[in-house]
Amino acid sequence: MNYFSFYRLLYPREKYIWAQIRILHETKKAILVYCNSRKTWIAKSRIYKIRLRKGVFEIYTKESSIE
């Protein structure tokens, strides 16, 4: 695959990021988190990895689900 194609210019891949969060509430399908001074519901199916670093939860998810 050519990485410098017009397709990639028009449709760039979505970025995945590690985001530091505070878990406020959890249901069967979603988690209410506090991130970037905002409360946001994130579906559990959108969370790909979870880790605990120095007492802070971090999730690996698409950048658009944290915004």
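User: Which side chain does E26 meet in a salt bridge?

Analyst: Bearing in mind that this is a predicted model, the side chain of E26 meets that of K44 in a salt bridge, with 2.8 Å from N to O. E26 lies in strand 1, while K44 lies in the loop between strand 3 (38-43) and strand 4 (47-53), so the pair ties together parts that are 18 residues apart in sequence.

User: How many salt bridges does a search of the whole structure find?

Analyst: The search finds three. One of them joins the side chains of E14 and K62 at 4.0 Å, N to O, and since E14 lies in the loop between helix 1 (6-10) and strand 1 whereas K62 lies in strand 5, this pair ties together parts that are 48 residues apart in sequence. E14 counts as partly exposed at 37% relative accessibility, whereas K62, at 18%, counts as buried because the cut-off is under 20%. Another salt bridge is formed by the side chains of R51 and E58, at 2.6 Å from N to O; here R51 is partly exposed at 28% and E58 is buried at 7%.

User: Switching to rings: where does the charged end of R51 sit?

Analyst: The charged end of R51 sits over the ring of W18, 3.8 Å from its centre. W18 also belongs to a cluster in which ring pairs link it with Y16, Y48 and Y60, and K49 lies over the face of Y60, at 5.5 Å from the ring centre.

User: Why does the Y16 and Y60 pair count as stacked?

Analyst: The planes of the two rings are at 20°, and their centres are 5.8 Å apart, so the pair of Y16 and Y60 is stacked, given that planes under 30 degrees apart count that way. The pair links distant parts of the chain, with Y16 in strand 1 and Y60 in strand 5 (residues 56-62), 44 residues apart.

User: Last topic, which residues make up the largest nonpolar core?

Analyst: That core has nine residues, namely A19, I21, I31, V33, C35, I42, I47, I59 and I66. Strand 1 (16-26) and strand 2 (30-35) each supply at least two of its residues, and strand 2 gives the most, with three.

User: What does I66 touch?

Analyst: Leaving aside residues up to four places away in sequence, I66 touches I17, A19, C35, N36, R38, T40, I42, I59 and T61.

Methods: Residues are numbered from 1 along each chain as its sequence is written. This is a predicted model: local features need pLDDT of at least 70, side-chain atom pairs count only at pLDDT 80 or more; totals for chains, interfaces and linings use all residues. Side-chain values use heavy atoms; hydrogens and water are left out. A nonpolar core is a set of buried Ala, Val, Leu, Ile, Met, Phe, Trp, Tyr and Cys residues joined through side-chain atoms within 4.5 Å. Buried means under 20% relative accessible area, exposed over 50%, partly exposed in between (1.4 Å probe, protein chains only). Helices (H or I, at least four residues) and strands (E, at least two) are DSSP runs, numbered from the N terminus. Contact means heavy atoms within 4.5 Å. Rings of Phe, Tyr and Trp (its six-membered ring) pair if their centres lie within 6.5 Å; planes under 30 degrees apart count as stacked, over 60 as edge-to-face and the rest as tilted. A charge sits over a ring if NZ of Lys or CZ of Arg is within 6 Å of the ring centre and within 35 degrees of the ring normal.
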